[in-house]
Amino acid sequence: MSLKNYTSINDIDHIETWIQEALMIKSNPLKNNELGKNKTLGLLFFNSSLRTRLSTQKAALNLGMNPIVMNVSGDAWGIEFEDGTVMNGSTAEHIKEAAAVVSQYCDVIAVRAFPSLTDKIKDESEHILKSFIKYASVPLVNMESSTSHPLQGLTDAITIKENTTKKRPKVVLSWAPHVKALPHAVANSFTNAMQKMDVEFVIANPKGYNLNPEIVKDTLVYHDQKEAFKNADFVYAKNWSSYEDYGKVVKTDLDWMITKDKIGAAKFMHCLPVRRNVVVEDAVLDSENALVTEQANNRTFAAQLVLKKILENV
Ligand SMILES: NCCC[C@H](NC(=O)CCC(=O)O)C(=O)O
Ligand SMILES: NC(=O)OP(=O)(O)O
């Protein structure tokens with residue numbers, strides 16, 4: 001299947017096939033190093049990044065593409081996204097011009113834009129991502145938007161497939177404590193990805209932290225972490241702010257921190273960056289059961305698969 005834009009896990013037609021394709025790329029990353037020759041990937045960051053910034057560039061380089069990167073916030077002119085506004089405030093150019101202009105320099109555009117966590121309706125409308133899609137004339141890749149992080153979700157699916165010996169492993173997504181209000185994007189895309197895979201998938205979170213019911217669907221949600229962790233093969237930790245009381249930290253349940261004692265022999269996963277001894281204790285991250293570096297490595301191959309599918313279509 002060729003691809004126009006990659007904005008959500010729902011753009012994956014058959015996840016098992018995509019995983020196999022990504023693993024083929026991993027076994028020979030330079031096989032298609034002519035496919036992107038003389039093509040430019042523009043990476044636009046409205047927020048910080050280490051893994052996405054480097055692994056997506058690495059993926060582009062493996063395909064022979066030329067990546068160019070910009071930190072939009074701070075370095076570029078402030079972009080206006082509202083239609084018909086009198087631009088006499090702090091924004092200096094409109095997304096209509098900005099996206100059209102970036103499309104002159106790039107064959108593919110990748111964008112990272114986190115949610116406000118204050119305006120649920122606006123965040124859920126994905127106005128930044130959708131505006132780029134509307135006004136750019138080239139394909140777009142989501143590098144974590146308000147509600148989804150599909151490069152991460154695909155990576156996590158690949159990592160679980162590589163690290164399981166069981167036909168149908170038990171995978172638990174667990175909320176974990178944090179000092180800040182964080183987005184739902186990673187948890188949403190992980191949930192979307194697990195729902196497409198042949199795994200026993202459950203979610204554990206304290207009361208008040210249920211994810212968007214339209215994402216959770218009929219996935220089992222436990223409010224008792226210990227109960228959820230029984231017989232788990234993979235524990236995926238992530239903090240998110242409240243969805244119901246949108247963007248709020250309703251309570252910091254410190255006893256939800258992931259410990260060696262709690263997860264036993266289960267493999268530990270996290271998208272990173274992770275706050276040690278807040279989200280998860282050192283003993284877990286420093287153990288052989290931590291897959292976090294492997295996940296970060298797989299980001300390259302997930303991005304490479306997505307770019308390959310887009311390049312085959314342009
Ligand atoms: N891209 C992976 C996670 C990005 C972001 N984490 C953060 O903002 C953590 C920041 C901190 O720990 O201060 C999130 O949860 O969506
Ligand atoms: N996991 C992830 O997306 O990391 P960065 O925020 O560092 O890109």
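Domain bounds here come from an automatic or database domain assignment. The model is predicted: local features need pLDDT of at least 70, side-chain atom pairs count only at pLDDT 80 or more, and totals for chains, interfaces and linings use all residues. Residues are numbered from 1 along each chain as its sequence is written, while chains are lettered from A and ligands numbered from 1 in the order in which they are written.

1. Ligand 2 lies between domain 1 (9-147 + 298-311) and domain 2 (164-290), because both give residues to the shell around it. Among the residues around ligand 2 are Arg51, Glu144, Gln152 and Cys271 (a residue is near a molecule if its C-beta atom, placed from the backbone, lies within 6 Å of it). Helix H2 (residues 51-62) gives the largest share of this shell, three residues (helices are DSSP runs of H or I, at least four residues, and strands runs of E, at least two, numbered from the N terminus).

2. The centres of domain 1 and domain 2, taken over C-alpha atoms, are separated by 26 Å. Between these domains, 15 residues of domain 1 are in contact with 15 residues of domain 2 (C-beta atoms, placed from the backbone, within 7 Å).

3. Four strands form an open sheet in the order S2-S1-S5-S6, with parallel pairing (two strands pair if DSSP finds at least two bridges between them). Strands S2 (66-71) and S6 (140-142) stand at the edges with a single partner strand each, so one side of each is left without a neighbour in the sheet.

4. Strand S5 (residues 108-112) runs parallel to S6 and is joined to S6 by three bridges. Ile109 stands opposite Leu140 in S6.

Methods: Contact = placed C-beta atoms within 7 Å.
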